[in-house]
Amino acid sequence: MPNRTRSINILFYCDNCDETWTPIDGNEQPKNAHEMDMSGGLKPGAIDDKDNSAHRYGKHEFGFGILKKLLEDYKYSGDFHNNVKIAVNVVNRNYTYKKNGEIDSSLAVTPVLFSQEIDLSKLNFITADLLEGYSQIWIFGMNYGDGVDSGRSVRVQENKFGAIDYFKHDKQCFTTDEVKTLETWMDAGNGVLITGDHSNYVYDKSGNMHLYNLGRSLGIGIKRVSELRVWENGASGYGQNAIDTTHSRAGLPDSNTSLNQSENNDRDMVWMRQQEDAIAQNIIHSLYRSYPPQLPHMLFQTIRSSYNPTGVVNHLADHVHEGVLNLPNDYSALDKNKNLVWPTKNGVQPKPQIVAWGINYNLPKEEGLFRPYFDNRRVGLVTAYDGHSVNVGNIVAHSTWHHFTNVNLVGFLDGKVPTQTLLHISDYFVNLAVYLNNPIQPKSWFDEIIYYEIDLIPHPLPPEVTYGGEHIDNRNPVPNRWTYTHEIGQRAINRLTHKMNPVHLQYYIYDQINAIAIEHNAGPISTHNISYAMVLGEIINAASLKKSVNKELHNSNYVFEGVQQAFRNYVQIMEAPLNPLKSAIESIDKKLHSNNVVPS
């Protein structure tokens, strides 16, 4: 079999000023360096952070070194494990990286005081050339917006521990040209992960104070994407104000982790040792199917393994103040070209759904704290939008980029080795890469998968197979045909799952089923009620017939024909229990007519 390694190319795009993506390990820096007692003083023997040696405000804090390595090291444990190759490139809006992941100061927009000018010509803008070759973009924004002050004057004094260098310039937000480029690229089927974090009160260029969300700079203004998080003043679709940030870690909260206006508490937001620990937050899933077993969204389904015997991803990294997800209020809104922002196809309009929830362990109300109450309600962690079925890209929104950053993942490392908890979480990261991958491109993964099978099977297929010790003849009545096709598909699945994660294979088949069904007026198909093996078997059969008469598989007609036959089989299967009733109706009808009785 040819070694056709498939690549998923991911662009990480960020604007933070102190992250790096160089790999780190759990022994490189002291864990829980911010040891503080409840009165605000350092515990005996604790390490202070004045030299930026620990993760908090060190160069690794908001980096993606662990995430990038987890994705690029992914190997499904089949006999063809290199079949999936994930490649990640990190681009920063404000400066350029060297090959080793460190900042190239010669190409940087130099971090400066707010009153100083910066060279905007050095910004890394979103262009068609930059996006070329990528199937998805993961956006990790930190800044607030064009010309917006960091808000440090109304926050705590952090500079003794090393201030974050926010840029105050007029190109923090994507320009009109950048937005147009991104939206065209998304409409071609490419995926977007959008993140942010909590909100702060900050000043705009006119000196007015606003409640802005970290990441607003790269989150607002993009069609569909911008509606999935709360970016500024106002409430989400669930009535939660943007300041209702969440604490996703059960147990005792870190001391002084809420936003506090008191300048006396000069270590506010710094000592968040729980985000570096080895305890992950539990996920509450939105479950699908009306009958058991109910399943989470496909993003959280995985293979059963020693570190995840259930085959469900139940954990994410945690953090003490996250942002708020939002759902659109108007699905009839039009874009600048008078097209629906949330597209439809044959009357079907996929809508974003919150697919994973956490529990908010916010602090009790205290004087000076912005957080108003202890809140143990469910709060949204992850929203998913399945745009592929209407020929646009998928989107995933997170309540915080802390689910992905070094400071929140480092506690799940044992030296350089991922713990079982981190392996568990990394299954979600890989699923995310697969979910956001573009299946609409020519020579898609799905076509390539079928080509593998066409190379392995005879042309035409044998007229019979052995199933359960019996010979099943494809030329015999319909039930035999169903069993034959199912067995052909199941054998293909058995081979293919030695080469790729079966959950990912299932997703690609799902993508084809739903897209074709919607395109041909069937509406969304309840894919849990239709056999993936049946669909794959019929596609392989259609392709084999074409090959047997020397027809080139130059297009996807064999996929359409296979899905069509699988649907036809499914209809026959569903109608089969009604056949006795149909026969009874026909018999009664004949009897009535023979007695010259015309039914009413």
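Biologist: At what angle do helix 10 and helix 11 pack?
Modeller: Helix 10 (residues 532–548) packs against helix 11 at about 135 degrees, and their axes are 7 Å apart. That angle makes helix 10 oblique to helix 11. Keep in mind that this is a predicted model.
Biologist: Which residues make the contact?
Modeller: From helix 10 there are Met534, Val535, Glu538, Ile539, Ala542, Ala543 and Lys546. On the helix 11 side, the contacting residues include Tyr558, Gly562, Ala566, Asn569 and Ile573.
Biologist: Why would residues three or four places apart point the same way?
Modeller: An α-helix has 3.6 residues a turn, so residues at that spacing point the same way.
Biologist: Is the crossing of helix 10 and helix 11 left-handed or right-handed?
Modeller: The crossing of helix 10 and helix 11 is right-handed.
Biologist: And how does helix 8 pack with helix 11?
Modeller: Helix 8 (residues 478–496) meets helix 11 at an angle of about 130 degrees, with 11 Å between the axes. So helix 8 is oblique to helix 11. Val478, Arg481, Trp482 and Thr485 of helix 8 touch Gln565, Asn569, Gln572 and Ile573 of helix 11. The crossing of helix 8 and helix 11 is left-handed.
Biologist: Which residues of helix 11 are buried?
Modeller: Tyr558, Val559, Gly562, Val563, Gln565, Ala566, Phe567 and Asn569 are buried in helix 11.
Biologist: What span should helix 11 have?
Modeller: With 19 residues (557–575) at 1.5 Å a residue, helix 11 should span 27 Å. The C-alpha atoms at its ends are 27 Å apart, so the two agree.
Biologist: Changing topic, where is aspartate 473 found?
Modeller: Aspartate 473 belongs to strand 18 (residues 470–473). Its relative accessibility is 13%, so aspartate 473 counts as buried.
Biologist: What does the side chain of aspartate 473 reach?
Modeller: That side chain reaches the backbone nitrogen of arginine 475 at 2.8 Å. Leaving aside neighbours within four places in sequence, aspartate 473 is also in contact with Pro463, Glu464 and Asn480.
Biologist: Last one: where is serine 286 found?
Modeller: Serine 286 lies in the loop between strand 10 (284–285) and strand 11 (315–316).
Biologist: Why does serine 286 count as buried?
Modeller: Serine 286 counts as buried because its relative accessibility is 16%, and the cut-off is under 20%. The side chains of serine 286 and tryptophan 357 are joined by a polar contact of 3.0 Å. Not counting residues up to four places away in sequence, serine 286 touches Leu295, Pro296, His297, Ile354, Val355 and Trp357.
Biologist: Great, thanks!

How values were computed
Residues are numbered from 1 along each chain as its sequence is written. This is a predicted model: local features need pLDDT of at least 70, side-chain atom pairs count only at pLDDT 80 or more; totals for chains, interfaces and linings use all residues. Side-chain values use heavy atoms; hydrogens and water are left out. Helices (H or I, at least four residues) and strands (E, at least two) are DSSP runs, numbered from the N terminus. The expected span of a helix is 1.5 Å times one less than its number of residues. Buried means under 20% relative accessible area, exposed over 50%, partly exposed in between (1.4 Å probe, protein chains only). A polar contact is a pair of N or O atoms within 3.5 Å; within protein, one must be able to donate a hydrogen and the other to accept it, and residues adjacent in sequence count only if both atoms are side-chain atoms. Contact means heavy atoms within 4.5 Å. Axes are lines fitted to C-alpha atoms, for helices over the stretch in contact, and angles run from 0 to 180 degrees between N-to-C directions. Angles under 35 degrees count as roughly parallel, over 145 as roughly antiparallel, 65 to 115 as roughly perpendicular and the rest as oblique. A crossing is left-handed if the near helix is turned anticlockwise from the far one by less than a right angle, and right-handed if clockwise.
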